[in-house]
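Morning, everyone. Please look at the structure on the screen while I talk through its packing.

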Amino acid sequence: MAALLAGVTLFTASSVMAVYSAPRALALNPFNASAKAQLANDLVYATGDARQTKAAAALSREALDGNPTLAGAYRMIALDDARSGKPAKPAILAATYLTRRDYIANLWLIEDAVKRGRMDEAMTDVDASLRTSQRSQALLFPILAKAMVEPEMRPHFSRVFRADPDWLASFLGYYVGTARGNAAALAQILLPIRKDLPENYRPLDRTLIGLMVGQQDFAAARAYERAITDPATRAKGAIIHNSRFEAEGPYPPLDWHLFREAAYGSDIEKTEKGNRLLVMSDQEKPNLVARQLVELVPGNYRFAARGRMLTGNDDAELLWNVGCAEKDGPGALAELRFARRDAAETTDFVVPATPCRNYWVSLSARAGFGSAALQAEFQSVDLQPVR
């Protein structure tokens, strides 16, 4: 019993030590196959010396004699085969047959498929790697983010995304949050499979449209919004959506984007007599409280707003503005100012023949100097061509 207990203790100590120090583990138990495989791995990756692959492969073969299920040992043999000009794929396939958790072997398969022009195989291997190893996310997410903009890759992304793999939500969060990737490219990938994905992906539509506008890809944002919106919900011929504040709309800023901050903001109130846009601010300086992106062609236009200021300081002010949303555009074309004692409700302006076609219709509010908070309401806002 004492001898058996000593043997078990020695084996357990060797197994635990293999995690921390492969040489010490082998000193305790020279037959520890896992420790040999780990030592082979360390010879190359811990030292960064590619010349160690031959010795690492020899150790890996010894490890496989004791335990033929060590995927990392096959991968190390493949590395030496590649370095010496021998086919590396058989050993790599042996490693991935045993487990897909060896992300280095997975990377080899992905690279091999790309070199052969088999992007379908590459994406299948990407999916397998991400499903089985979270460690591969740090390596593969940036690679996938760069590949998203390649038109020939989009069908392959759509095929893999349609199955809703368990890593998809994490990747989309990385793409739109951390990488700030090309939103139009992602929209084109998702559009053909959008109805196949679970409902919990629907909020992504709003995020993508907002990102496309922020990235100045206005045409792509409008095309995506038209593709996912029921035409019956659109007022035909209207430049401004929900001009009587029927609703905030699901896809700002192509619909109303209402800002809601602690010290200022706006909201739509529904009443029996009609809806109205409520505005408040207790800030001395102006702040944006509502806006919508519209498309205008060159010509004459009339902008109108119907509303009033309810409370505010003597210099409180509400300002509607129509200005170019594109970089290096002509800036503000029209202003409609509401103050305490007067309110201009219409203004005419001209959209010049410039490259700008996308304009912000925006409302800013300031309470001015004093202790009274600004409160205001608007029943409608309209923008129409003048012939």
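I will go from the whole chain to the cores, and then to the aromatic rings.

First, a caution. This is a predicted model.

Now the overall numbers. The protein chain has 387 residues, and 45% of them count as buried. Its secondary structure comes to 14 helices and ten strands. The accessible surface is about 20,300 Å², with 54% of that belonging to carbon and sulfur atoms. Take the contacts in the chain with a separation of 6 or more: 63% of them join residues 24 or more positions apart.

Next, the cores. In soluble globular proteins, nonpolar side chains tend to be buried together. Here, the largest nonpolar core has 48 residues. Those with the most contacts inside it are Phe 157, Phe 161, Phe 171, Leu 186, Leu 208 and Met 212. Which helices each supply at least two residues of this core? They are H7, H8, H9, H10, H11, H12, H13 and H14, with H7 covering 103-115 and H14 covering 218-228. The largest share comes from H12, with seven residues.

What does Phe 157 touch, leaving aside its neighbours within four places in sequence? Met 123, Leu 144, Ala 147, Met 148 and Ile 189.

Phe 157 also belongs to an aromatic cluster. The cluster is Phe 141, Phe 157, Phe 161, Trp 167, Phe 171, Tyr 174 and Tyr 175.

On to ring geometry. The structure holds 14 aromatic pairs. One is Phe 161 with Trp 167: ring centres 6.1 Å apart, planes at 70 degrees. Planes over 60 degrees apart count as edge-to-face, so this pair is edge-to-face. Are these two residues buried or exposed? Phe 161 has 0% relative accessibility, so it counts as buried. Trp 167 is buried too, with a relative accessible area of 1%.

A second pair is Trp 320 with Phe 378. Their ring centres are 5.5 Å apart and their planes are at 85 degrees, so this pair is edge-to-face as well. This one links distant parts of the chain. Trp 320 is in strand E6, residues 317-324, and Phe 378 is in strand E10, residues 374-385. The two residues are 58 apart in the chain. Both Trp 320 and Phe 378 are buried.

One last item, a charge over a ring. Arg 291 lies over the face of Trp 360, at 3.8 Å from the ring centre.

Key
Residues numbered from 1 in each chain as written. Predicted model: local features only at pLDDT ≥ 70, side-chain atom pairs only at ≥ 80, totals over all residues. Heavy atoms only, no water. Core = buried A, V, L, I, M, F, W, Y, C linked by side-chain atoms within 4.5 Å. Buried < 20%, exposed > 50% of the residue type's maximum accessible area, 1.4 Å probe, protein only. Helix = DSSP H or I, 4+ residues; strand = E, 2+ residues; numbered from the N terminus. Contact = heavy atoms within 4.5 Å. Areas by Shrake-Rupley, 256 points an atom, 1.4 Å probe, with all protein chains shown as cover. Phe/Tyr/Trp six-rings, centres within 6.5 Å; stacked < 30°, edge-to-face > 60°. Lys NZ or Arg CZ within 6 Å of the ring centre and 35° of its normal.
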